Amino acid sequence: MDEIRIAVVGLGTRSLNWIAVMQRTGGFRVVALCDPVAALHERARTRLERPGEVRVHTRYEEALADPNVDAIALTVRCEEQGALAALALEAGKHVHMEVPGAHRMEDCWRIVAAQERSGKVFQLAEQVRHAGFVEAWRRLVAEGRLGRITYGEGQYFHYYVEKSFQDPATGRFYGPEQIAAHPEAQPTWMCHMPPIHYLPHDLGPMLRILDDRVVEVMAMSTGSPSAAHPELASPDVQVALMKTGKDAILRMAASFAQPHPHVNNHWLHLLGTKGSVEWRRSNRDAPKLWLSDGQMHDKSDMEWRFERTDAPPEARGSGHSDMDYYVHAAFRDAVLGIRPLEYDVYKAMDTTAPAILAAESIAQDGAKLRVPSFRPDATRPPGQMPKSI
Ligand SMILES: NC(=O)c1ccc[n+]([C@@H]2O[C@H](COP(=O)([O-])OP(=O)(O)OC[C@H]3O[C@@H](n4cnc5c(N)ncnc54)[C@H](O)[C@@H]3O)[C@@H](O)[C@H]2O)c1
């Protein structure tokens with residue numbers, strides 16, 4: 001195989017970027033499109049290099065049943081997105097999916113078991129793990145320059161309320177301030193989603209830097225509905241405390257419903273026994289480094305960016321500071337057997353499950369919950385579901 005025949009499922013705005021970047025990256029042929037909202041089909045079809053050859057579906061089962069589809073690109077936004085990924089693996093398709101990977105623990109396990117049984121590639125397309133500063137921090141940690149990491153912070157604060165309601169006939173979205181004028185629009189998953197479920201977007205880079213996994217989690221939430229927009233059931237802020245296998249404490253937080261500048265959605269900070277690194281607080285700020293053995297009287301400004309200094313020309317302009325390219329290249333290379341996936345299904349679930357369990361902790365009044373390892377062991381042979389979830 002030298003080309004992946006891929007079906008793009010979920011034809012919102014993100015799918016349009018995926019179609020463009022996959023076509024530009026090479027090695028992909030979009031052969032099918034799918035979205036239950038038929039009004040969205042044509043916009044996606046017009047973005048294709050070969051629109052005449054594509055099959056268009058409203059039902060997901062039709063895309064899964066197509067023997068000419070090798071892989072499913074899942075750019076949906078719904079509570080069932082983990083189950084949709086598992087169904088695709090169970091149907092013998094490779095899966096290339098947007099963050100977050102799942103919203104239920106059972107779906108995490110279904111994805112792992114189905115990937116193991118099928119041997120197909122599963123990739124959670126979290127792109128910030130490919131950022132330039134993430135690579136720089138990963139090396140500092142691996143070389144021991146920061147000592148042993150004892151504390152980390154990460155957050156995703158993105159004021160994103162405009163997709164809280166959707167007209168099922170036209171696919172048009174409305175924000176909380178527009179909903180009174182559009183009674184035909186229904187609440188979307190964004191209106192209800194526990195914001196902490198989005199943590200794979202920052203826990204992914206964090207765990208890549210630390211080469212670690214979360215073993216325990218407890219969390220707190222502000223109330224529902226949102227204080228900023230009472231039309232939204234989703235709380236304004238949720239914060240999780242996590243313990244890692246290497247004995248670091250992480251504070252991870254997420255927020256969508258309350259205003260935040262439309263820059264710097266991601267923020268990370270690491271503190272070690274020999275130094276610290278910190279992402280910038282605003283666009284006029286700079287990332288910081290401090291080394292205890294470096295004769296440094298204060299933290300120093302650094303020229304780290306999301307963009308990588310070693311980005312190939314194909315990456316430039318792909319989206320999200322060039323990072324979008326890397327997830328498509330990694331998926332293509334894994335499916336075509338060029339290089340194995342670094343962010344495998346186990347690492348992907350290491351970033352997904354703690355977020356789901358953080359919301360579960362909130363539901364259990366802050367209870368401390370254990371995060372399972374998804375790797376096979378004596379109690380769970382590959383391909384099987386665990387005895388209890
Ligand atoms: N990595 C990133 O930086 C990044 C950026 C933006 C969005 N995202 C992710 O991308 C995904 C899509 O985002 P978006 O903004 O395009 O969302 P969107 O809501 O605009 O579009 C999602 C589409 O999925 C469709 N859908 C829902 N359930 C479906 C199902 N069962 N089968 C087929 N289609 C279904 C909806 O009808 C909708 O058209 C989300 O998961 C989001 O979290 C990631």
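Arg 208 and Glu 342 join their side chains in a salt bridge, at 3.3 Å from N to O. A salt bridge here is a side-chain nitrogen of Lys or Arg within 4 Å of a carboxyl oxygen of Asp or Glu. The model is predicted: local features need pLDDT of at least 70 and side-chain atom pairs count only at pLDDT 80 or more, while totals for chains, interfaces and linings use all residues. Residues are numbered from 1 along each chain as its sequence is written, and side-chain values use heavy atoms, leaving out hydrogens and water.

**Domains**

- The chain is assigned domain 1 (4–126 + 324–343) and domain 2 (129–309); such bounds come from an automatic or database domain assignment.
- Taken over C-alpha atoms, the centres of domain 1 and domain 2 are 25 Å apart.

**Interface**

- Contact (heavy atoms within 4.5 Å) links 16 residues of domain 1 with 19 residues of domain 2.
- About 1,700 Å² is buried between domain 1 and domain 2, and carbon and sulfur atoms give 58% of this area. Buried area is the accessible area (1.4 Å probe) that two parts lose on being put together, summed over both.
- Two salt bridges are counted between domain 1 and domain 2.
- The side of domain 1 that touches domain 2 has 10 nonpolar, two polar and four charged residues. Nonpolar means Ala, Val, Leu, Ile, Met, Phe, Trp, Tyr, Cys and Pro; charged means Asp, Glu, Lys and Arg; the others, Gly among them, are polar.

**Cavity**

- One cavity of 30 Å³ or more is found in the whole structure. A cavity is a set of points on a 1 Å grid, over the protein atoms alone, where a 1.4 Å probe fits but cannot get out; lining residues have an atom within 4 Å of a point.
- The lining of the largest cavity includes Tyr 160, Met 190 and Phe 256.

Key: 1 Å grid on protein atoms, 1.4 Å probe; cavity = no way out; pocket = protein on both sides within 12 Å on 5 of 7 lines; lining within 4 Å. Points joined across faces, edges and corners; volume = space filled by probe spheres on them.
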